[in-house]
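Please read them alongside the coordinates.

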Amino acid sequence: GFKCRKLNAVTKGCSDYVSSPYSLRVFQWNILSQALGQMNDHFVKCPDEALEWNSRKFRIIEEIVEYCPDIICLQEVDHFNFLKYILGTQGYTGVFYPKPDSPCVYISGNNGPDGCAIFYRTNKFDVINIESRILEIWRVQSNQVALLANLRIKETGQEVCVTTTHLKARQGAFLSTLRNEQGKDLLQFVSQHCGPRPVVICGDFNAEPIEPIYSTILSDEYLNLGSAYADCDSSSANSAAREPPYTTWKIRDEGEVCHTIDYIFYKKGCLEVEAVLELPTGEEIGEDRVPSFSYPSDHFSLVCDFKIGQKATL
Ligand code: NDP
Ligand code: CA
């Protein structure tokens, strides 16, 4: 009987969202690393000026703050100090964990390694602990990481566990096996640190819903996870079929890439999905796709409003 309200462009802006101790607005975004986006990705239809840091940095900030999230999970962050400074002025505290051998550091003019970041609203949460993990594949460390924050809502004492990750990129059967192994290690990592808290795991999983990792995540018996976007749609019994049509849409030399690889997973029972931000339409995105002057990353942001169920503390 639970029905999702879908947010749309009209509800952009903070006026309709009042943060309450019983709600959680989670923002998920691969912001596109400055070094990779400018030097590595070769987005063939994106004007060079749209990738210039001096203006792009403010479009990134605008995209984040206009939704007034309680929690911000970001990937491909290679300008953490800038984000920390600006988001600090907007009432957020942040933590960062870099990839062990980020491809960014091999690019001339780089600003250091890229990695995952979590920001939380400073006046809403106290931090309990922060944990990080270099994800393992068959017990060997990989070049991908996860970052976890256990937070306590000041007003109620309610605790939540938020984790973000950015899994191995590129297509192919072997790579999807590697991602599945990283996913298993991620679930193990979260299970080890979350206790009975409501759990949110979001990130760029670099895996479409048909990949093994998607079912691995949704079938974890201990964490009992659902996918927020899929669960806000009732058109099919199959979760994968209810995911949005794309979360990234870009044109490289090899051609157009349009698929769903970013997710917000959450612990069912503890959290209820109240609303998700709809993805922009193809018309809004435009035929040169993204990044562009309107969309500063090749990934779109995901936003989900959760209602927090019964109190769960350690
Ligand atoms: P990944 O395979 O996970 O990819 C790294 C980044 O590249 C991701 O942020 C990914 O973005 C992006 N990416 C994915 N597809 C493309 C594409 N077609 N063109 C451009 N960028 C893309 O890398 P790892 O972290 O596992 O590191 C391995 C990579 O790093 C190697 O491919 C190598 O190029 C580079 N590297 C180079 C070194 C050197 O020069 N000596 C040393 C270490 C690493 P997204 O997730 O959004 O798809
Ligand atoms: Ca990328």
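1. The model has an open sheet of six strands with mixed pairing, in the order β6-β7-β8-β9-β13-β10. Strands are DSSP E runs of at least two residues, helices are H or I runs of at least four, and both are numbered from the N terminus; two strands pair if DSSP finds at least two bridges between them. Because β6 (125-137) and β10 (225-227) stand at the edges with a single partner strand each, one side of each is left without a neighbour in the sheet. From one strand to the next the twist averages 20°.

2. This is a predicted model, in which local features need pLDDT of at least 70 and side-chain atom pairs count only at pLDDT 80 or more, while totals for chains, interfaces and linings use all residues. Residues are numbered from 1 along each chain as its sequence is written, chains are lettered from A and ligands numbered from 1 in the order in which they are written, and side-chain values use heavy atoms, with hydrogens and water left out.

3. Strands β9 (residues 199-204) and β13 (residues 262-267) run antiparallel and are joined by five bridges. Cys-202 has Ile-264 in β13 as its bridge partner.

4. Helix α4 (residues 173-194) lies across β6, β7 (140-153), β8 (159-166), β9 and β10, at about 150° to β6. Axes are lines fitted to C-alpha atoms, for helices over the stretch in contact (heavy atoms within 4.5 Å), and angles run from 0 to 180 degrees between N-to-C directions.
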